[in-house]
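Hello,

Here is the structure I promised to pass on to you. Have a look at it first, and then read on for my notes on what turned up.

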Amino acid sequence: MSQTIKSTDRNAIPLDRIRNIGIIAHIDAGKTTTTERILFFTGKTYKIGEVHEGEATMDWMEQEQERGITIVSAATTTFWTPYFETSLSKDAYRFNIIDTPGHVDFTAEVERSLRVLDGGVTVLDASEGVQSQSETVWRQADKYNVPRICFINKMDKLGADFFATVEDIKLKFGVIPAIMVLPMGAENDFKGVIQLLERRALYWKDSAAATEPEVMDIPDQYRDQVEELRAQLVEKIAETDDALLEKYFADEELSVEELKAALRRAVIGYKLVPVYAGSSLKNTGIQPLLDAVVEYLPSPVDIDNIKGTNPKTGEEVVRKLVPEEKLSILSFKVQTDPHVGKLTYCRIYSGVLESGSYVYNSTQDTKERVGRLLLMHANQREEISSARAGEIVAVVGLKNTKTGDTLSDEAHPILLEGITFSDPVISLAIEPKTKSDQEKMGMALNKLSEEDPTFKIDSNPETGQTIIGGMGELHLEILVDRMKREFKVDANVGKPQVAYRETITKSSQGEGKYIKQSGGRGQYGHCLLRIEPRDRGTGYEFVNEITGGTIPKEYIEPVNKGIKESLERGFYAHYPMTDIQVTLYDGSYHEVDSSELAFKMAGSLGMREAVKNAGMVLIEPIMKVEVSTPESFMGDVIGDLGSRRAQIQGTVTRGVVTIITALVPLAEMQGYVTILRSMTQGRASSVMLPSHYDIVPQNIAEKIRMERQDGGR
């Protein structure tokens, strides 16, 4: 087990011995269980918390413990001294770990965590392989160029297949896997792993006692396979390094140190992905994985620098990731804590942050005071006086800082790339049960939306109802539950509503004229608009083609404002409009009567005119659905999906389970989990991910339109 180091000694740990890592994966792949083992083996905890018993350290929320799922990302700091000899320092390494949710409804938690991490450990289920949500989180990590290691977990599970999962990694992730270990046995016969580079067999005798691995000779039946796999691994590593490749072709012996150093460079350069195996539940394979984090995942030194812009001049700014540099910090999460109030989680990229100091929020252009600095371990806190480059800490006292904001030194400001989040796909109406709940509800909703950027609040002007939007039924259910428990707000909740949108299918033109003469000063605004459809998911774009001052400069933005407001209201069934380009190409003005208001009205009227001949359609969110079912129920499941307007994409059989992939409109999938369970005697499971928006069939669109007109907005 690793030596225990107090976090107060943490400044003694140089930057090259810090690893900022995230544990990312599909739901139920065993992320939290793996994190719990990491905390146990690094000496951070003295008892292993089990997810299935509702006692996982990192799943500290009541809802997480009840449901056995991770809802919010939890951060912790721990220390690890390499278990085996390593090509790097044998001293203690500091791990800042973030355990992220696997459920698609909490995708914002994964997105924001990946933005601030230097490396990731992707956990995969050996019997299920690469599942749909694994692909989603992998693509999110690609977006932020996060080097990764794969850990094939649950090798003791029925249907575990190491090589089929490696093949999945290659095909579905589109990367070159570097097999680092060979599992000895599978399912009930899984005994341990053989490290290929070192030619070392590791046995775990009594997993219930959380024993250390026993190093033994490689069993005879595996010798040939080990040599064959090792030769393939050496070749893959050599191909990433010219000097090694030369030696390899000259048949010279490549030392383990040389191979490890080259593999480290290849992992940081996104050329190879090392693959490990084990069973977190049985405490097997964790030590080699921790050593791999040390050996192959980058430290802040390997990342070297971060680029941003100067918010005042727009010029590029480059900061070295060292404490001696000017301050640059990214806020990646806001959380309401019942004891200390608002906590802002921050990654310090450069410089040193002191408690009690002032920082400049470059995103909001405001000054903020840093009250206290906390080192987090899930929901446990430890106060510290300062934090430096490479650290992840929580700050108390920041009033205006939101997720994705940059904090820096006012004299040397920098604006880092923010974090982008998906738009909600589902919404529901919510109203307080009593008058006393009314005020509390507003406060609770604001606090929850501060914490979660994918949670949106809106109000319906016609009905006076509050509408909340999120990433799925479970997402909204958890948020309503949190309102009740944490903020003591009782509310009535309506049925979930799908986030339909409107768009156009062809180009058109429209004229907007707003002229009022009623004695005294009148109103005059006149514009000519051209509208064109854009690709799905690209949103709204405004193009100004006014030349020669036919409309003065100061009236251009009001036209855009009027257009935007009319798009929010929609024209077909009063859903917001999207994926449209509006070009303002001509117009006229009056020396005396023209005003911003008149041009705003003209923009709105011009849109109303233009959409009449633009082929308006309703579009709906389409979900990618993956159902894992025993083969005997496959026909029923496919038949049911067909009745929900599904397009079946394909089926794959893995052991005793068939995995069906389909694209299905979200509107048809409400309550699907319950129906699927009753149809398959509780033996099937499903995962839904947002895929894209598509046109609603005409007959259904008309029905929705009529309902909207009858019910008012």
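This is a predicted model: local features need pLDDT of at least 70, side-chain atom pairs count only at pLDDT 80 or more; totals for chains, interfaces and linings use all residues.

On the helix 6 side, the contact is made by Val234, Glu235, Ile237 and Ala238, and helix 7 contributes Leu244, Leu245 and Tyr248. By type, the residues of this contact are six nonpolar, no polar and one charged.

You will meet Ile237 again in the largest nonpolar core, which has 71 residues: together with Ile152, Ile169, Met180 and Tyr276, Ile237 touches the most other members. If you want to explore the surroundings of Ile169, set aside its neighbours within four places in sequence; the contacts are then Leu124, Val130, Cys150, Ile152, Gly174, Val175, Pro177 and Val275. Another core lies apart from this one and has 64 residues, including Met483, Val498, Ile504 and Val559.

Four strands form an open sheet in the order 7-8-9-10, with antiparallel pairing. Strand 7 (181-184) and strand 10 (214-216) are its edges, each pairing on one side only. On average, and with direction ignored, neighbouring strands of this sheet are turned by 30° against each other. Strand 7 pairs with strand 8 (residues 192-195) in the antiparallel sense over four bridges, and Leu182 has Ile194 of strand 8 as its bridge partner. Helix 6 comes back here too: it packs on the sheet, touching strand 7 and strand 8, and its direction makes about 160° with that of strand 7.

Finally, two backbone details for you to check. Most residues other than glycine have a negative phi. Which phi does Tyr270 have, although it is not a glycine? Tyr270 has a positive phi of about 60°. Tyr270 lies in the loop between helix 8 (256-268) and strand 11 (273-277), and its relative accessible area of 45% makes it partly exposed.

His574, also not a glycine, has a positive phi of about 65°. You will find His574 in the loop between helix 13 (556-569) and strand 33 (580-588). His574 has 35% relative accessibility and therefore counts as partly exposed.

Methods
Residues are numbered from 1 along each chain as its sequence is written. Side-chain values use heavy atoms; hydrogens and water are left out. Contact means heavy atoms within 4.5 Å. Helices (H or I, at least four residues) and strands (E, at least two) are DSSP runs, numbered from the N terminus. Ala, Val, Leu, Ile, Met, Phe, Trp, Tyr, Cys and Pro count as nonpolar, Asp, Glu, Lys and Arg as charged, and the others, Gly among them, as polar. A nonpolar core is a set of buried Ala, Val, Leu, Ile, Met, Phe, Trp, Tyr and Cys residues joined through side-chain atoms within 4.5 Å. Buried means under 20% relative accessible area, exposed over 50%, partly exposed in between (1.4 Å probe, protein chains only). Two strands pair if DSSP finds at least two bridges between them. Axes are lines fitted to C-alpha atoms, for helices over the stretch in contact, and angles run from 0 to 180 degrees between N-to-C directions.
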